[in-house]
Amino acid sequence: MKRLGLLVLPLLLGYCQTALAQNGLAAVTVTPAANGGQTYSVTIQVLLLMTVLGLLPAALIMMTSFTRIIVVLAILRQALGTAQTPSNQILLGLALFLSLFIMAPVLQQSYDNGVKPYLDDKIDAETALSRAGQPFREFMLNQTREEDLLMFTRISGRDGLPSRDQVPFSLLLPAFVTSELKTAFQIGFLIFLPFLVIDLVVASVLMAMGMMMLSPMIISLPFKLMLFVLVDGWSLIMGTLASSFYR
């Protein structure tokens, strides 16, 4: 994710610098006041740049595989019933580095097509921004369901789009996030089922033995951990999440 930010940040800075140079606007404008003093104003370009930088972390998370991974890992922890183990920091770290692994081809293609030519002064900032965003567009299109894309197209009032390649980011991004959440909950449901069966069996046995005051979670937790370890659960979860983006 950090590398993704480093790829996008030079393009944003270059685009703003180009706009400033073309319009001849300084970052801070000094205007003489009527009483002989001076007033200072910040140009719109600088305000836009700061706004974009503030929204950059959320945009990068929403445009990558991070959403699906962190939701599945959170559901897995809930299914195991281990409360805060693994901790939020560990889950975020797993989701981050697995996202970097999954997004590595996209990041490399974005760097080769957009960032590197811009840094070498071969293309302007606007062209670099368009080229750098194309791999992310293709990645998001491949993971977006057709029905989600059509739903947001209909909500926006458009009659239809000529092709998937011409879908604007304003439609693609919410459709992609919706598809990612739907896929994440489907994977989480399949993960939750075997642990739910263990909880039901343990609760039935305890009820049959008349031990109603004993929490079934205390008894079922070691069995769920044993099952998860025996099937090499972490490898299965990570492998399934990574392969789900390369179908």
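**Exercise 1. How many aromatic pairs does the structure hold?**

Solution: This is a predicted model, and the structure in it holds four aromatic pairs. Let's work through two of them.

**Exercise 2. Classify the pair formed by Phe139 and Phe245.**

Step 1: A pair of aromatic rings is described by the distance of the centres and the angle of the planes.
Step 2: For Phe139 and Phe245, the centres are 6.0 Å apart and the planes meet at 20°.
Step 3: Planes under 30 degrees apart count as stacked, so Phe139 and Phe245 form a stacked pair.
Step 4: Now find the partners along the chain. Phe139 belongs to helix 5 (residues 125–143), while Phe245 is in the segment after helix 9 (233–243). The two are 106 residues apart, and their pair links distant parts of the chain.

**Exercise 3. Classify the pair formed by Phe228 and Trp234, then decide for each residue: buried or partly exposed?**

Step 1: The ring centres of Phe228 and Trp234 lie 5.3 Å apart, with the planes at 85°.
Step 2: An angle over 60 degrees counts as edge-to-face, so that is the label for Phe228 and Trp234.
Step 3: Buried means under 20% relative accessible area. Phe228 has 8%, so Phe228 is buried. Trp234 has 34% and therefore counts as partly exposed.

**Exercise 4. Which residue lies over the face of Phe245, and which cluster do ring pairs link?**

Step 1: Arg68 lies over the face of Phe245, 3.9 Å from the ring centre.
Step 2: Ring pairs join Phe245 with Phe139 and Phe176 in a cluster.

Technical notes: Residues numbered from 1 in each chain as written. Predicted model: local features only at pLDDT ≥ 70, side-chain atom pairs only at ≥ 80, totals over all residues. Heavy atoms only, no water. Phe/Tyr/Trp six-rings, centres within 6.5 Å; stacked < 30°, edge-to-face > 60°. Helix = DSSP H or I, 4+ residues; strand = E, 2+ residues; numbered from the N terminus. Buried < 20%, exposed > 50% of the residue type's maximum accessible area, 1.4 Å probe, protein only. Lys NZ or Arg CZ within 6 Å of the ring centre and 35° of its normal.
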